[in-house]
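Please open the model in your viewer and keep the selection panel at hand. The stops below proceed from the core to the sheets and then to the contact between the chains.

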Protein chains: 2
Amino acid sequence: MKTLRDIGENGLLRELLPLLPQRSDTPVGPGDDCAVVRLPLSPHDRLFTTDPVIENRHFLPKTPAHLVGRKAIARAVSDIAAMGGEPLWILINLVAPGDTPLTRIRGLYTGMIAAAHQWNLGILGGDTSEGTTLELHITAIGRVPRGLAVLRSGARARHALYVTGALGGACLPGARHHLLFEPRLAAGRFLAEEQFASAMMDISDGLATDLPRLLDASRRGCFLETAAIPLSRAARKTEAPLHHALCDGEDFELLFTVAPSKIERFEAAWQRRFPDLPATRIGTILASPHQRHMRHADGTTTPLLPGGYQHFLPHTPPCPPEP
Amino acid sequence: MKTLRDIGENGLLRELLPLLPQRSDTPVGPGDDCAVVRLPLSPHDRLFTTDPVIENRHFLPKTPAHLVGRKAIARAVSDIAAMGGEPLWILINLVAPGDTPLTRIRGLYTGMIAAAHQWNLGILGGDTSEGTTLELHITAIGRVPRGLAVLRSGARARHALYVTGALGGACLPGARHHLLFEPRLAAGRFLAEEQFASAMMDISDGLATDLPRLLDASRRGCFLETAAIPLSRAARKTEAPLHHALCDGEDFELLFTVAPSKIERFEAAWQRRFPDLPATRIGTILASPHQRHMRHADGTTTPLLPGGYQHFLPHTPPCPPEP
């Protein structure tokens, strides 16, 4: 009997997404970082996203509860950032065993409430339910100026490929990036409102998994220049920094493309606006979706194969434990 | 060390709800069936709700998967109905073990997609994640004409208390009401748009648990006439029909109040509009929140004590297995 493990998250989504009914008021349905809904008369489109954090998968029993709460909100906020939007409201589903210490539950909410204050979010409510595993499911609603949401599908041939910050090692021993990352809200809004980005997503499952998703949505290929990929400090401490930068999850940096005619203006404006946050060019989009290559420092070229985290597949670990 | 079991769901909500940050655009925050958000210029307010269904709690491993999917959507739709609203969009978080058979996952989505078609919902997306228990978390977004959402807090002294349909036994052996119930969408919209209902909620955890929640929100008491409570066929087959009508969960009927000046007009209009759906008067609201009584067929009176399902408390079972 076939199971989820046989087809993985990507296989499941490929099968299900075309079946989901849509209303005519939804310019972007499932498959991007957020759905986009258009309201009559409104100067803003609405953004909707939902994300879980699950014990022993996204955090450990010993992870400080307030950081788990923060992470749960930050993941959903990062999806809004990846559309160029502004987050407004969240809903929270808590699942917990009945014997969960109250101090732990209070810690989760302390973290979520602090995050809501930080990003000026209203907490609209949610649900609490008994279950076997501690989980938070966060739904976030945001807005973006009408028509300016940046989708995964807008990359075209010769557009330059960029990434913010540095990649890899978010969950390595000693690294707490997967708990403490800053969703790139200001950067995402800048890229959308100035109309610099032609396509955008956040990197949550690793560049090697998420870049192919952007390319699939855009029906394009790419040359990825591996020597250009910015490596996090945690990744650089390992014996295989590039592997970590490609395959680790939970970076929550922005991956985006810029049309050739805008590159010069974009790079100058970015430098002025975000002097402390690098935006690094790591490749170029190609016309054919079948052309997906990595070019290495020594001049050799290898195929770009998906290699990050994918739910349900047996060979990829979840975000590994911090110590 | 204190755990969730020591304070129950109600205790947890009492502690947390006042702490959750709100934005000024939110006339109704957490604590009602839905949150209500007001958008500038819009003739409609937005409604937001989120609900989980969890294996071995809301359904069993042998429950047909398409009915689980239907139930997940119907629960959230019932929350929209309880505000008098119209559901528009949903998001779905799936949690599943990697060895879940694909046929089961496809069954869940078959049920959810059919439900989305039935209630004209767009499925905006969601997330899929590996976990130890099969779960669906549904967020529903709806709308209601501006200012007409019916809250739990509007009951006043001498308002009449009504319930739709019949109560009890939704999960008793042989009963599949908890899977097949019809959210009272048309009834809810009628009660809101005609401005008949002063307070309203859906009964999901049993009348004895949910009526006190409505009374708490309204800061009122009540006389509940137990002889008037409409008993479901499943409850009537038991030795303690009234106990089941009071304490079983998953009725998903509407509980609402009507001001004395509107009762006559309301009852006539209801009869015309819903000839096949009873709305039964089961009591009267009292001014003091400390006056909460049940009056029985023999004329005796006993206190109304909360007695339905409450998450995290050890003494109440979840929706018990259908056979």
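Which residues of the largest nonpolar core touch the most other members? Select Ile73, Ile90 and Met200 in chain A, and Ile73, Ile90 and Met200 in chain B: of the 200 residues in this core, these touch the most other members. A nonpolar core is a set of buried Ala, Val, Leu, Ile, Met, Phe, Trp, Tyr and Cys residues joined through C-beta atoms within 7 Å; a residue is buried if 20 or more other C-beta atoms lie within 10 Å of its own, with C-beta atoms placed from the backbone.

The model is predicted: local features need pLDDT of at least 70 and side-chain atom pairs count only at pLDDT 80 or more, while totals for chains, interfaces and linings use all residues. Residues are numbered from 1 along each chain as its sequence is written, and chains are lettered from A and ligands numbered from 1 in the order in which they are written.

Next, centre on Met200(A). Leaving aside neighbours within four places in sequence, its contacts (C-beta atoms, placed from the backbone, within 7 Å) include Ala82(A), Val150(A), Leu191(A) and Phe256(A).

Now display the open sheet of seven strands in chain A, ordered β7-β9-β6-β10-β8-β11-β12 with mixed pairing. Strands are DSSP runs of E of at least two residues, helices runs of H or I of at least four, both numbered from the N terminus; two strands pair if DSSP finds at least two bridges between them. β7 (197–203) and β12 (301–303) of chain A each have a single partner strand, so one side of each lacks a neighbour in the sheet. Select helix α5 (185–193) of chain A, which packs on this sheet and touches β6, β7 and β9 of chain A. The direction of α5(A) makes about 160° with that of β7(A); axes are lines fitted to C-alpha atoms, for helices over the stretch in contact, and angles run from 0 to 180 degrees between N-to-C directions.

Move to the open sheet of five strands in chain A, ordered β1-β2-β5-β3-β4. Its edge strands are β1 (35–38) and β4 (122–130) of chain A. Eleven bridges join the antiparallel strands β2 and β5 of chain A, and Asp51(A) stands opposite Ile138(A) in β5(A). Helix α2 (65–81) of chain A lies across β2, β3 and β5 of chain A.

Finally, select the contact between the chains, which takes 62 residues from chain B and 63 from chain A. On the side of chain B that touches chain A, β4(B) gives the most, with nine residues.

Note on methods
Two residues are in contact if their C-beta atoms, placed from the backbone, lie within 7 Å. A residue is buried if 20 or more other C-beta atoms lie within 10 Å of its own, exposed if 12 or fewer, and partly exposed in between; C-beta atoms are placed from the backbone.
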